[in-house]
Amino acid sequence: QDERREDMAFFITLGAILILLGALVCHSYRIKFASYRGFPAEVLGFRSEFQQAGDDEKELLCAVVDYQNGTETVRANHEQFLPAEEMPCQRGDKLVVQVNADFPDRFLFTNEVKGTSAFGVAMVIGGALTGAFHLIWKLL
């Protein structure tokens with residue numbers, strides 16, 4: 001009987017910790033992306049670099065855009081290099097970019113700005129399921 005209680009307490013505690021950590025991760029995403037604002041931009045071109053993977057060489061691209069912030073034209077680079085085949089835009093495209101006011105020379109594509117973290121949500125769900133399944137299993 002005591003062993004069952006200890007076992008149950010462990011899994012319920014584990015579930016609660018996962019829920020808490022997941023909620024913290026989601027909250028940090030909301031804070032991180034809260035200061036991003038959208039600006040119409042034009043893709044000027046790309047910076048490129050090559051990455052060696054064994055015998056294969058892969059081209060990575062970093063989009064460069066101009067956007068208007070009030071009366072000022074700002075040139076910005078994407079926050080990371082992407083594989084060429086995954087680049088969602090071409091030279092001359094007009095799109096909306098997301099910019100953090102603290103780093104106006106960097107941007108994210110609109111679909112990269114998330115309201116929450118999929119990983120954080122998965123941790124919350126995993127924690128809830130861990131506790132719930134263990135309780136149900138012990139009651140059966």
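**Overall fold and core of a predicted protein model**

The protein's secondary structure consists of two helices and six strands, where helices (H or I, at least four residues) and strands (E, at least two) are DSSP runs numbered from the N terminus. Read from the N terminus, the order of these elements is α-β-β-β-β-β-β-α. The radius of gyration, taken over C-alpha atoms, is 22 Å, well over the 14 Å that the globule rule gives for 140 residues, so the protein is more spread out than a compact globule. That rule is 2.2 Å times the number of residues to the power 0.38. Along the principal axes, the C-alpha trace spans about 70 × 45 × 20 Å.

The model is predicted, so local features need pLDDT of at least 70 and side-chain atom pairs count only at pLDDT 80 or more, while totals for chains, interfaces and linings use all residues. Residues are numbered from 1 along each chain as its sequence is written, and side-chain values use heavy atoms, with hydrogens and water left out.

Of the 140 residues, 29% are buried; buried means under 20% relative accessible area, exposed over 50%, and partly exposed in between (1.4 Å probe, protein chains only).

The largest nonpolar core holds 17 residues, of which Val65, Tyr67, Met87, Cys89, Val97, Phe107 and Phe109 touch the most other members. Such a core is a set of buried Ala, Val, Leu, Ile, Met, Phe, Trp, Tyr and Cys residues joined through side-chain atoms within 4.5 Å. Two or more residues each come from strands S1 (36-53), S2 (56-69), S3 (72-78), S5 (94-100) and S6 (106-109), with S2 giving the largest share, four residues. Leaving aside neighbours within four places in sequence, Phe109 contacts Ala63, His78, Leu82, Met87, Pro88, Cys89, Leu95 and Gln98.

Two further residues can be found in the structure above. Pro104 sits in the loop between S5 and S6 and is partly exposed, with a relative accessible area of 35%. Beyond residues up to four places away in sequence, Pro104 touches Tyr67, Val74, Ala76 and Val99. Gly131, in helix H2 (residues 118-139), is buried at 12% relative accessible area. Gly131 and Arg106 are 25 residues apart in sequence, yet their C-alpha atoms lie 42 Å apart.

Definitions and conventions:
Contact = heavy atoms within 4.5 Å.
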